[in-house]
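Please look over the sequence and the model below.

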Amino acid sequence: MSLAEHPSAAACPGCVVGPEIADRAERQRSATAHDVHLSLPSIHCAGCISGVERGLMQLDGVEDVRVNLTRKRATVHVAPGVETDDLVRHLAQLGFDAQPLDGATLSAGESDRAARDLAMRLGVAGFSMMNIMLLSVAVWSGAADATRDLFHWISAAIAIPTVLFAGQPFFRSAGAALRAGRLNMDVPISLAILLATGVSLSETMLSGKHAYFDAAVSLTFFLLAGRYLDQKMRGSARSAAAELAALEAPLALRLSVDGPETVRLPEVTVGDLLLVRPGAKVPVDGVVTDGMSELDRAFLTGETDPVAVGEGETVRAGEVNLTGVLTMRATAVGEDTLLHGLADLVSVAEESKSRYNSLANRASRIYSPLVHIMALAGFLTWMWATGEFRTSMMIAVSLLIITCPCALGLAVPAVSTVASGRLFRLGMLVKHGTALERLAEVTHVVFDKTGTLTLGKPALVDPEALAPETLALAAALAEGSDHPRSRAIVAAAEGRDLPRVRVTEIGETPGYGVRGLWQGREVRLGRAEWVGGEGSGTVLAVEGAAPVSLAFEDVLRPGAAELVRELKAQDVPVTLLSGDAEGPVSALAAELGIDDWQAGILPGDKAEVVATLGEGGAKVLMVGDGLNDVGALAAAHVSIAPASALEATRVAADMVLLSSDLSNVAEALRLARVARKRILENFGAAGVYNMVSIPIAFAGFASPLAAAIAMSTSSIVVSLNALRTR
Amino acid sequence: MEVLSVLIPVSLGLGLLGLLAFWWTMKSRQYDDPEGDSHRILRDDYDDKPKQD
């Protein structure tokens, strides 16, 4: 993921809490050595592995470093006393940017273990399949009498333990479905595997001609392969999502008698005094008891302009503190915070999304009863025609094997894996199992403005229009401040040929601005009412001269214009919903060519607009990053959030855009449609194959050889077709 | 045909050996970082004593 985005402090949760994680690691500096996890988004080559590992080993107290290039992560085993911050700083000097990850949030062991378990079963099934196939070749080419019986017995000895071990995932799921009184895909699969093994065993005992051990085991193998791919895909998406969450550890700085201490969020109780440093997020809802600062509320309301807060004012969890240190008293924690109220919306939507009927589900609902009826019909017909139980049973088993949903079991996971892998390389994380299919159906796209179509970072409007001296002065003052607007001024001044100015005694008044002395006169840069100018916004004033007003605009996210153009070319209607004021919204809509826009929208209204569109028959794709978008993200047919969004928002979204380039969304739409087409093609192929093979099996011509050939061919055909997804 | 009684156990034994090797690679987590391992083999500083865990 060399595309990983590196947003500003306000938009990058990792950078914001980074110091706090480091702090906590410091506290953990108990007597024992421990592991520190670091995220290394920029590593990509052998040199980087060596660089990071050797570089960190040089530090005192670092006992072991292991870089994982696949996950772009390093695990560092450090002696007591080593601070995470030092590691990060050392890596920065070496040219690798690193961010500390919260180890507690990171435990992705569960899905790893499930994948390893499946891989082991897959290995056993593969081993058995190869051996039994080889033994079967001898039988098919005419081994008779004692030799054939011997081969069948050896096959049985390999197949029976294999089926019992490797088939467990299917048996377990089928058992669960049957207990709930449902039929799922795994019921016919389990039935086919168990019946084929059982019938083959009895045939072997009776020294019969045909045994289906090879079919039972290869069926297990192919279906396990599909299951493994599925698990792998989900596992990697989940681990990437967990990493995003681990970047923003749920921590707060609590003021106690002996100074501030870092605590985990669940430990904060109502009435606690909390310290919020500049650049950090407000951890819980509360009231400011001390300090002056400005807050970035973009996540909550979509407003781009920072809001000034002082003593007695209410702050909400998720807002970003920009300039001054704030002390606040917690008034609502945990489930009472506004943030958590939004989480309820999400759970309601999750439910509706889990009710979404995926293609595989719909197919299996038709398919599984059909398979059973077919096998039963074959058995009854032959029973009636010949009266021989043994022959009829063999027919039923061959029908079950032939019709067994290999295509469904392997085709869908194969296509999804290929498509998700490609999307991951584009910087899109597919979090929800059916999200790709839902994305393919999208007919209407709704965007949020701040943080989604724009980066949520201000830029100075028209720096050329300012007098060079003014800009130089503003930049000199802004150097000393971390306020996003100050940084925008510094960025605008960079690379320009500006006169040198010397400003001394620079001091920042949190919540208001910066002041200094220039040629004996006082200069101020900050809020208009503090500086002494008219209106609102940011103003630069030199003592004795007229104040100059500085205008800022939000920077457009890269690829936003391309995406909107692309969607229009595909005749997909685009809507812009923003909580920001009308002016900036209409300007942006005009710039991007979006005709349908609404400004000043409340969070609830966003969800309502999206829901209304959905009721009107549109399949809405919602792209948004704010907490005010959570309801809309949840209400939409499918949703995407940028990685810079808050954890709560990312949880609500079906996909997360890790790259900062929005035009990848258009590519994702295209890929999703291709993937859907491939899945349907695979179903078609499976249908044709069944239509040909069922009559053959019904007539009793399906020998174990025919079954083995047919099954392998269809599995290979669908897998190859899946690989064409690009 | 008596040779079968030798050959079949031998072939099964070899297969089992492969299966055990696979089981060992799983157990020692050799599939955790496929991308990194493919790069590690090409780098010039040799890891003569990789850490055992």
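Begin with the interface, where 18 residues of chain A are in contact with 19 residues of chain B. On the chain A side, the elements that give two or more residues are helix 2 (46-57), strand 2 (62-68) and helix 4 (109-140). Helix 4 of chain A has the largest share of this side, with 8 residues. Sorted by class, the side of chain A that touches chain B consists of 11 nonpolar, 5 polar and 2 charged residues.

This is a predicted model, and its scores are ipTM 0.82 and pTM 0.74. For chain B the mean pLDDT is 81, with 83% of its residues at 70 or more. Where pLDDT is low, the predicted coordinates should not be read in detail.

In soluble globular proteins, nonpolar side chains tend to be buried together.

Leaving aside residues up to four places away in sequence, A:Leu219 touches A:Ala192, A:Ile193, A:Ile401, A:Cys404 and A:Met711.

Now turn to strand 20 (residues 538-542) of chain A. Of its 5 residues, 4 are buried, so strand 20 is largely enclosed by the rest of the structure. Strand 20 pairs with strand 19 (residues 521-527) of chain A in the antiparallel sense, over 5 bridges. Within this pairing, A:Val523 has A:Val542 in strand 20 as its bridge partner. Strand 20 also pairs in the antiparallel sense with strand 21 (residues 548-550) of chain A, over 3 bridges. Here the bridge partner of A:Thr538 is A:Leu550 in strand 21. Strands 20 and 21 of chain A form a hairpin with 5 residues between them. In the turn, A:Gly544 has a positive phi of about 85 degrees.

Strand 20 is also one of the elements that helix 17 packs against. Which residues of helix 17 of chain A are buried? Helix 17 (residues 484-493) is mostly covered, with 7 of its 10 residues buried. The buried residues are A:Pro484, A:Arg485, A:Ser486, A:Ala488, A:Ile489, A:Ala492 and A:Ala493. They pack against strand 16 (454-460), helix 16 (468-478), strand 20 and strand 22 (552-556) of chain A. Just after helix 17, A:Gly495 takes a positive phi of about 75 degrees.

Finally, consider A:Phe552, which is found in strand 22 of chain A. Is A:Phe552 buried or partly exposed? A residue needs 20 or more C-beta neighbours within 10 Å to count as buried. A:Phe552 has 19 inside 10 Å, so A:Phe552 counts as partly exposed. Not counting residues up to four places away in sequence, A:Phe552 touches A:Pro458, A:Ala459, A:Leu460, A:Val461, A:Arg485, A:Ala488 and A:Thr538. A:Ala488 lies 64 residues from A:Phe552 along the chain, while their C-alpha atoms are separated by 8.5 Å.

Notes:
Residues numbered from 1 in each chain as written. Chains lettered and ligands numbered in written order. Predicted model: local features only at pLDDT ≥ 70, side-chain atom pairs only at ≥ 80, totals over all residues. Contact = placed C-beta atoms within 7 Å. Nonpolar A, V, L, I, M, F, W, Y, C, P; charged D, E, K, R; others polar. Buried ≥ 20, exposed ≤ 12 C-beta atoms within 10 Å, placed from the backbone. Pairing = 2+ DSSP bridges. pLDDT = per-residue confidence, 0-100.
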